[in-house]
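Me: I have a protein chain to go through with you. Let us take some residues and then the whole fold.

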Amino acid sequence: MYTTTQSGSVGALHLIEEKSDFDFLLRSLSAPPYAPMIPPYLFSRENIMRLKNEGGRNISVVLLIDSNTDKMTNFSHELQCPNQYSGIFLPNSNSTESPTCGANNQEGTWNPWGTGLLYEDLPFPVYYVPDQDEIKKLIKCFEDFNNFDYASHSRRSLCAIEVNTFMSAAVSTEVCMRRTKFINNLGRTRYCDPLEGKNVFATLFPRKIENRLDYAANQEKYIMVTCRLDSTSMFELTGLGAMDSLMGFGTLVSVAHMLKLLLPDQSILKNRQLNVMFVILNGESYDYIGSQKLVFDLENLAFPPRYTRNAPIAFDNIEFVLDLNTFDEISSIRLHSISEFPQAKELLSKLKRYGSRKEYDFNIEFNSSLGYEMPPSSIQSFLRKNISFPACVLNAPPTNRYYHSIYDDEVNIKFHYANTSRDYTQLMSIDEAFRYFPADSVQMKIRNISSVVAMALYEMLTYENYTSNKLANPLLIDEFLYCFTMSADCPLFKAASKPNSLPALQIPPNRYISVAGSPQESTGWTYRILGYLLSNKLENISESKCNYLPRHWFAGFDGKGECRFTTQNYSLALSPAFIIEDYNWTSGEYSTWTESTWAPFSARMFLRPSRLHETITFSIGCVVLVISFCLIYIISTRAEVLFEDTGPGASTDALAPPTAC
């Protein structure tokens with residue numbers, strides 16, 4: 001969605017059904033401006049750029065209508081190299097473009113189907129119309145009034161639409177923020193806000209609550225497992241990011257849950273100082289906002305936040321970082337790193353071994369990829385600060401044709417909700433899982449990859465092979481995907497809330513990072529489910545004694561309520577560019593994304609009169625105006641004749657006497 005004019009954008013409706021229909025809008029217009037209604041399969045970079053470059057002021061607004069989606073083969077308006085200006089750089093290079101992806105080589109990009117329209121400065125607003133009833137009304141109005149005798153458009157009334165959502169921001173983030181900070185008449189006008197949210201993190205084992213937060217005494221070591229929380233699309237509140245980021249998100253949740261059940265206590269570990277921290281990062285779609293802030297806080301000994309009362313963590317406390325990125329295709333996965341380091345080598349050998357074990361039948365092939373050809377992932381923020389930092393990322397080859405789009409939904413990952421109502425809080429045996437899901441289902445695919453990762457981490461933590469037939473529970477994955485792709489009013493969210501909580505919305509939570517003060521419902525739900533799945537149950541503790549952190553009262557699977565000792569918390573996901581005083585906005589060091597403020601959205605469909613009708617109406621109005629002035633002039637100059645003087649000296653003989661009471 002892009003800005004309208006301050007008074008709104010008006011255009012006559014014109015339905016585009018094939019490529020040749022654009023010719024009318026660009027060459028033979030008779031009654032501009034027009035508002036083309038474009039189906040997804042024709043909403044391509046070529047067509048939209050034609051409207052931009054050749055349409056000029058003849059195109060006032062574009063409507064993307066959700067129809068004929070069966071003709072669509074791909075729909076991604078992200079860059080072919082996402083976040084290409086905020087990744088790692090080659091040493092001793094002055095280039096501002098990351099070498100991790102070559103935009104000139106489409107086959108070597110991480111999003112081959114990307115058009116880049118999301119980053120184009122279009123001269124007209126673009127709106128998405130998903131409601132089928134509204135689409136039928138628009139098309140019917142077009143057919144009844146517009147779709148005949150195009151040459152006579154200028155001589156008759158046409159069905160038109162007016163939309164109004166004026167955006168206040170202008171020029172750039174630097175200019176917009178300067179205007180926003182300017183105080184005029186003891187007040188401030190907001191033109192834009194920085195993108196801001198919260199990261200969610202939790203540890204496998206509880207950390208010690210400290211009265212004095214002293215880093216020097218912190219001897220803890222962490223394996224940090226990360227993933228993306230957010231997604232985005234060209235249109236507000238429409239990007240589910242099912243294959244884009246939800247697959248990695250679900251994998252992390254499943255890995256964390258499996259490890260928690262396998263390792264309920266830190267005493268099982270050979271190294272009692274070793275812990276696992278799971279970090280779900282927000283704003284990664286916009287040049288790694290969440291991971292940039294995390295790295296900034298680690299540098300300044302500000303992570304975790306002081307209110308957690310845990311000792312600060314620095315880079316030296318981190319054994320290595322493992323990012324669970326996109327898993328478009330589970331059968332072939334690569335472990336990417338800049339160079340080989342001991343932990344990555346050890347992890348890869350274990351992944352290969354567990355992924356090929358015949359008794360588990362995972363059939364997942366793991367390979368190593370060394371060098372700068374690295375997918376857009378959170379570890380690039382770590383490597384940008386220190387190119388030799390031990391960080392690696394698991395990623396599958398790109399096959400997502402709907403990356404960062406409105407169509408990356410449950411259909412794209414072929415998700416079908418099983419709705420078994422069975423217990424998802426325990427591990428499940430190999431054979432039992434096949435009672436509920438076929439081997440090629442997305443639930444089983446995520447179960448397989450999360451089980452392999454959990455097994456490998458289990459062995460790295462305990463120095464013992466994993467031999468049990470208990471694996472990650474696909475029922476948990478089933479509930480997780482249902483909550484985030486179909487409805488927030490779901491069993492998993494209910495279990496992670498307090499008993500008798502109000503029902504959530506019947507729509508999935510929005511995962512766009514947004515700005516400060518926005519609902520951020522996906523962050524809240526992530527905080528709750530991490531707390532629920534990574535906590536220890538406290539027996540015989542009533543709700544009245546479970547009302548302070550880290551204790552938390554959850555409804556639980558049965559909904560009766562239970563007290564659990566939790567480890568989850570928040571950290572701020574805000575680019576350091578908005579924290580550093582006098583930051584150089586042209587440096588490119590940190591993300592500088594902002595969101596414009598805008599007027600409330602309004603739209604109406606009406607019959608726009610013909611040019612002739614408008615001309616006649618305007619002419620009549622002008623004539624009436626002239627006549628009115630003439631009459632007023634005549635009347636004012638002849639007032640003493642037309643109106644009798646009733647002043648003090650005027651005769652009152654003609655006045656009738658008043659009626660007696």
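Me: Start with threonine 180: in which helix is threonine 180 found?
Reply: First, the ground rules: this is a predicted model, where local features need pLDDT of at least 70, side-chain atom pairs count only at pLDDT 80 or more, and totals for chains, interfaces and linings use all residues. Residues are numbered from 1 along each chain as its sequence is written, and side-chain values use heavy atoms, with hydrogens and water left out. Helices here are DSSP runs of H or I with at least four residues, strands are runs of E with at least two, and both are numbered from the N terminus. Threonine 180 falls in the run of residues 173–181, helix H4.

Me: Is threonine 180 buried or exposed?
Reply: Buried means under 20% relative accessible area, exposed over 50%, and partly exposed in between, with a 1.4 Å probe and protein chains only. Threonine 180 has a relative accessible area of 7%. That value is under 20%, so threonine 180 is buried.

Me: Which residues is threonine 180 in contact with, leaving aside neighbours within four places in sequence?
Reply: Contact means heavy atoms within 4.5 Å. With those neighbours set aside, the partners of threonine 180 are Arg188, Thr189, Arg190, Tyr191 and Cys192.

Me: Why is H10 described as largely enclosed by the rest of the structure?
Reply: H10 reaches 30 Å from its first C-alpha to its last, close to the 30 Å expected at 1.5 Å a residue. The expected span is 1.5 Å times one less than the number of residues. H10 is largely enclosed because its buried residues number 20 of the 21.

Me: Which residue follows H10?
Reply: Its phi is positive, near 60°. The residue is tyrosine 463.

Me: How many residues of H5 are buried?
Reply: H5 covers residues 242–262 and reaches 28 Å, close to the 30 Å expected. This helix is mostly covered. The buried count is 20 of its 21 residues.

Me: Is isoleucine 507 buried or exposed?
Reply: Isoleucine 507 lies in the loop between helix H12 (491–495) and helix H13 (521–533). Its relative accessibility is 51%, so isoleucine 507 counts as exposed.

Me: What separates the C-alpha atoms of isoleucine 507 and serine 487?
Reply: The two residues are 20 apart along the chain. Isoleucine 507 touches Met486, Ser487 and Ala488, not counting residues up to four places away in sequence. The C-alpha separation between isoleucine 507 and serine 487 is 4.3 Å.

Me: Which residues does valine 295 touch, not counting those up to four places away in sequence?
Reply: Valine 295 sits in helix H6 (residues 289–299). Valine 295 is buried, at 1% relative accessible area. The residues touched by valine 295 are Phe315, Ser381, Phe382 and Lys385.

Me: How many helices and strands are in the protein chain?
Reply: The protein chain has 661 residues, of which 53% count as buried. Its C-alpha atoms fill a box of roughly 120 × 70 × 55 Å along the principal axes. The protein chain contains 15 helices and 23 strands.
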